[in-house]
Amino acid sequence: MTVTVSEGSAVRAPSWSAYRPGGLPDLRESVACGLGDVLFASFARRDQRRKGEQYLRGLLRTQGRKSIRNIAAQVGGSATEQSLHHFISSSTWDWRPVREALAGYLTELTAPKAWVVHPLSISKAGDQSVGVDYGVDPCNGVFRGQRAFGVWHATETFSTPVNWRLFLPDLWLGDEERRRQAEIPEEMGRESLEQCAATAVLEMLGSWRVPARPVVLNTHINRIAATMGRFTAAGVPVIARIRGTAQLMMGDPALPGYDGGVMEAQRILAGVRGLRRPVRAAGQDGDTLAAAVRVACAGELPTHRRAGASDAVGGLTLVGEWRGAQGPPTALWVTNATSAPAEVLLRLTRLGGRACQDFAGAGAGEDVGLKDFEGRSFRGWHRHITLASAAHAVAALAGTGAAAPTAWEPRGLDGLRAT
């Protein structure tokens with residue numbers, strides 16, 4: 001897998017000397033101008049480029065809900081509404097080159113430390129928007145709406161989404177009339193939520209000119225063997241959230257529980273509490289206690305393990321995190337980067353928290369319309385959220401003071417390998 005940014009790419013950084021500290025509106029305008037030149041380079045027609053620039057600026061300027069009507073009112077009045085509606089819902093432009101250009105642009109400014117896959121739940125009152133169904137949101141419980149996964153370019157000080165995959169439940173994939181009305185492509189087939197999350201980043205890493213970095217799956221996975229196996233087969237190091245009830249087997253014969261068969265992850269960690277060590281993870285006050293042990297998924301250890309041999313080891317590492325000396329772990333993770341120290345792994349997981357923080361933060365996230373598409377079509381949703389991601393990047397870059405490009409300091413994250 002070759003995932004590098006070529007020296008001859010079309011990505012151009014803006015003139016940083018033109019930015020004036022403290023002039024936020026002017027700074028946003030400068031960032032949007034430089035980014036727009038890159039984003040819309042793949043558009044064949046000048047009018048498409050103009051509409052793309054209008055829509056991007058409208059997302060940044062419009063107060064309240066970022067509907068096409070409200071955006072049009074900001075950038076051209078009622079006469080613009082129909083043309084922007086066509087541009088998003090019915091035009092021919094492909095959102096994938098735009099997303100790759102966004103990722104390349106950001107990488108030229110500052111290379112990501114990880115690609116974070118973060119869930120997005122979008123509540124909907126009606127049932128006509130593509131993908132709407134009843135689901136369970138980790139924060140809000142049962143809800144009606146759309147579910148998607150964003151892939152975020154993440155550093156310790158900055159993150160923004162660059163790719164998206166919309167989850168399509170059977171209600172939409174199995175109904176030919178719904179598929180036709182929403183213009184769902186034929187190649188979109190059934191998948192689980194965790195398959196959707198993994199595909200969002202693996203397809204990107206397999207075809208885009210972006211740097212190879214570890215992946216943080218900031219969403220609980222249930223099918224651990226299948227999900228982690230996809231990343232290991234692709235040679236991509238990954239760390240993923242799991243629940244305490246996840247079924248695993250101890251992989252280290254020197255530790256308690258090796259002969260205990262299949263156990264819950266939280267029980268495995270309870271048996272190795274004595275191995276916990278304080279670690280300092282970025283973005284947190286005080287120390288965290290952490291323990292990391294080798295494990296394997298049920299049914300994946302060699303046959304001779306069942307005969308009592310002591311040389312079998314698992315193919316994953318289970319990481320437990322405690323915010324205090326007492327009680328159960330506050331977070332559990334599994335990774336295929338089995339040689340990485342716990343402190344390095346936890347630093348990676350903090351990048352997932354950074355993405356969540358940047359989504360909710362003022363001036364970005366919900367403020368640029370990531371949840372605001374009101375159309376019904378699959379293509380319209382993807383075009384809108386692509387440009388909303390670009391608006392998020394503009395707001396986030398401006399919010400950091402548009403600092404000049406800086407060298408990436410690995411600090412133990414570079415060189416992680418999938419086993």
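Where does Asn-218 sit, in which loop, between which strand and which helix? Asn-218 is in the loop that runs between strand S5 (215–217) and helix H9 (224–234). Helices here are DSSP runs of H or I with at least four residues, strands are DSSP runs of E with at least two, and both are numbered from the N terminus.

A quick word on ground rules: this is a predicted model, where local features need pLDDT of at least 70 and side-chain atom pairs count only at pLDDT 80 or more, while totals for chains, interfaces and linings use all residues. Residues are numbered from 1 along each chain as its sequence is written, and side-chain values use heavy atoms, with hydrogens and water left out.

**The chain overall**

- The protein chain has twelve helices and twelve strands.
- Of its 419 residues, 54% count as buried; that label means under 20% relative accessible area, with exposed over 50% and partly exposed in between (1.4 Å probe, protein chains only).
- Among contacts in the protein chain with a separation of 6 or more, 67% link residues 24 or more positions apart; a contact means heavy atoms within 4.5 Å.

- The volume of the second largest pocket is about 450 Å³. A pocket is an open set of points, on a 1 Å grid over the protein atoms alone, where a 1.4 Å probe fits, with protein on both sides within 12 Å along at least five of seven lines; lining residues have an atom within 4 Å of a point. Grid points are joined across faces, edges and corners, and the volume is the space filled by probe spheres set on the points.
- Its lining has 23 residues, and those nearest the centre are Trp-95, Arg-96, Arg-165, Glu-203 and His-382.
- Helix H5 (95–109), strand S4 (159–166), helix H8 (193–207) and helix H12 (378–399) each put at least two residues into this lining. H8 gives the most, with five residues.
- By residue type, the lining splits into ten nonpolar, five polar and eight charged. Nonpolar covers Ala, Val, Leu, Ile, Met, Phe, Trp, Tyr, Cys and Pro, charged covers Asp, Glu, Lys and Arg, and the others, Gly among them, are polar.

- Thr-160 is in strand S4 and His-392 is in helix H12. Both are buried: Thr-160 has 0% relative accessibility, and His-392 has a relative accessible area of 0%.
- Their side chains are joined by a polar contact of 2.7 Å. That term means a pair of N or O atoms within 3.5 Å; within protein, one must be able to donate a hydrogen and the other to accept it, and residues adjacent in sequence count only if both atoms are side-chain atoms.
- Leaving aside neighbours within four places in sequence, Thr-160 is in contact with Leu-106, Val-151, Trp-152, His-153, Ser-389, His-392 and Ala-393.
- Thr-160 and Leu-397 are 237 residues apart along the chain, and their C-alpha atoms are separated by 9.3 Å.

**Buried residues elsewhere**

- Back to Asn-218: its relative accessible area is 9%, so it counts as buried. Its side chain makes a 2.9 Å polar contact with the side chain of His-118.
- Beyond four places in sequence, Asn-218 touches residues including Val-116, Val-117, Arg-241 and Trp-333.
- Thr-335 lies in strand S12 (residues 331–335) and is buried at 0% relative accessible area. The Thr-335 side chain reaches the backbone nitrogen of Ala-337 at 3.0 Å.
- Val-368, in the loop between helix H11 (342–360) and H12, is buried too, with a relative accessible area of 1%.

**Toward the surface**

- Val-136 is in strand S2 (residues 133–137) and counts as exposed, at 56% relative accessibility. Not counting residues up to four places away in sequence, Val-136 touches Gly-141, Val-142, Phe-143 and Arg-147.
- Glu-183 is in the loop between helix H7 (176–182) and H8, and is partly exposed at 35% relative accessibility. Glu-183 has a positive phi of about 55 degrees, although it is not a glycine. Most residues other than glycine have a negative phi.
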